[in-house]
Amino acid sequence: MLKNKRIILGISGSLRAQSFNTHLLKFTLQRIAQNNNVTVKIANLNLPLFNEDIENSTGIPSNVLKLAEDIRGADSVVISTPEYNKNLPGVLKNALDWVSRVKPQPWSGKPIIIMSAASGQSGGERAQNSLRLCLAPFDPILYFSPEVAIPDASNAFDRENIPKSKIIRDKIEKQISKLKAHLE
Ligand SMILES: Cc1cc2nc3c(=O)[nH]c(=O)nc-3n(C[C@H](O)[C@H](O)[C@H](O)COP(=O)(O)O)c2cc1C
């Protein structure tokens with residue numbers, strides 16, 4: 001009997017059209033889709049700024065509810081985050097704050113791998129650390145290694161937006177393998 005397709009949700013912490021994190025995310029999702037029976041979805045983080053007045057007057061916005069449902073329905077999540085001033089970007093924190101208002105919250109027990117691309121030499125490591133702290137209250141399953149952090153991002157991708165470094169590509173494969181059991 002054919003098994004139902006698993007769902008993998010990708011989240012980029014950058015709204016920029018030519019975002020290196022979105023390139024990294026799409027490459028990773030493509031790699032996952034090549035070896036698993038999965039449907040790939042990409043989340044929309046273009047949400048209003050969190051404001052309890054919105055929640056109390058018109059309710060939680062429909063695009064936040066959609067994001068929460070996408071997270072709830074996913075078998076695993078991949079997040080690629082930029083680093084802004086040594087931390088996760090506001091776009092991502094804003095999304096986490098909004099989604100935390102949807103009950104039951106959808107992150108509990110959700111397997112997540114995290115990666116980053118940044119112009120600095122640490123490749124966004126600090127953004128990853130701060131993102132992990134921000135996710136901790138929601139009790140997901142966070143995988144910690146190997147760490148995929150791409151430095152000097154503007155020189156790190158080829159014309160097809162694929163990471164040039166084989167070391168990085170191998171680390172991505174190892175990270176993906178952490179999700180294997182959740183995508184069978
Ligand atoms: C407001 C702002 C703050 C930034 N802070 C950092 C930083 O702390 N560390 C770093 O490596 N790069 C930093 N950068 C550079 C980003 O890594 C770079 O713009 C990257 O391409 C953003 O990710 P994206 O390509 O996915 O949009 C910053 C960029 C902006 C716009």
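**Notebook: helices, core and ligand shell**

I began with helix H5 and looked up its packing partners: the buried residues of H5 pack against S3, helix H4 (90-99), S4, strand S5 (141-142) and S6. I note that the model is a predicted one.

I then listed which residues of H5 (residues 125-135) are buried, and found Ala 127, Gln 128, Leu 131 and Leu 135. Viewed down the axis of H5, the buried residues fall within an arc of 100°, so they line one face of the helix.

Next I turned to helix H1 (residues 20-35) and checked its length. At 1.5 Å a residue, its 16 residues should span 22 Å, and I found the end C-alpha atoms 23 Å apart, which agrees. I recorded the buried residues of H1 as Phe 20, Asn 21, Thr 22, His 23, Leu 24, Leu 25, Phe 27, Thr 28, Leu 29 and Ile 32. Their packing partners are the strands S1 (6-12), S2 (38-42), S3 (76-81), S4 (111-117) and S6 (148-150), together with helix H6 (166-178).

I looked up the largest nonpolar core, which has 43 residues; Ile 71 and Val 77 have the most contacts inside it. H1 supplies the largest share of this core, with six residues. For Ile 71, leaving aside residues up to four places away in sequence, I listed contacts with Leu 9, Val 77, Val 99, Pro 106, Trp 107 and Lys 110.

Last, I examined the ligand. I found 16 residues surrounding it, the closest being Ser 14, Asn 21, Pro 82, Ala 118 and Gly 120. Of these, Asn 21 is also among the buried residues of H1. I sorted the shell around the ligand into six nonpolar, seven polar and three charged residues.

Note on methods
Residues are numbered from 1 along each chain as its sequence is written. This is a predicted model: local features need pLDDT of at least 70, side-chain atom pairs count only at pLDDT 80 or more; totals for chains, interfaces and linings use all residues. Helices (H or I, at least four residues) and strands (E, at least two) are DSSP runs, numbered from the N terminus. The expected span of a helix is 1.5 Å times one less than its number of residues. A residue is buried if 20 or more other C-beta atoms lie within 10 Å of its own, exposed if 12 or fewer, and partly exposed in between; C-beta atoms are placed from the backbone. Two residues are in contact if their C-beta atoms, placed from the backbone, lie within 7 Å. A residue is near a molecule or strand if its C-beta atom, placed from the backbone, lies within 6 Å of it. Ala, Val, Leu, Ile, Met, Phe, Trp, Tyr, Cys and Pro count as nonpolar, Asp, Glu, Lys and Arg as charged, and the others, Gly among them, as polar. The arc is that of the directions from the helix axis to the C-beta atoms. A nonpolar core is a set of buried Ala, Val, Leu, Ile, Met, Phe, Trp, Tyr and Cys residues joined through C-beta atoms within 7 Å.
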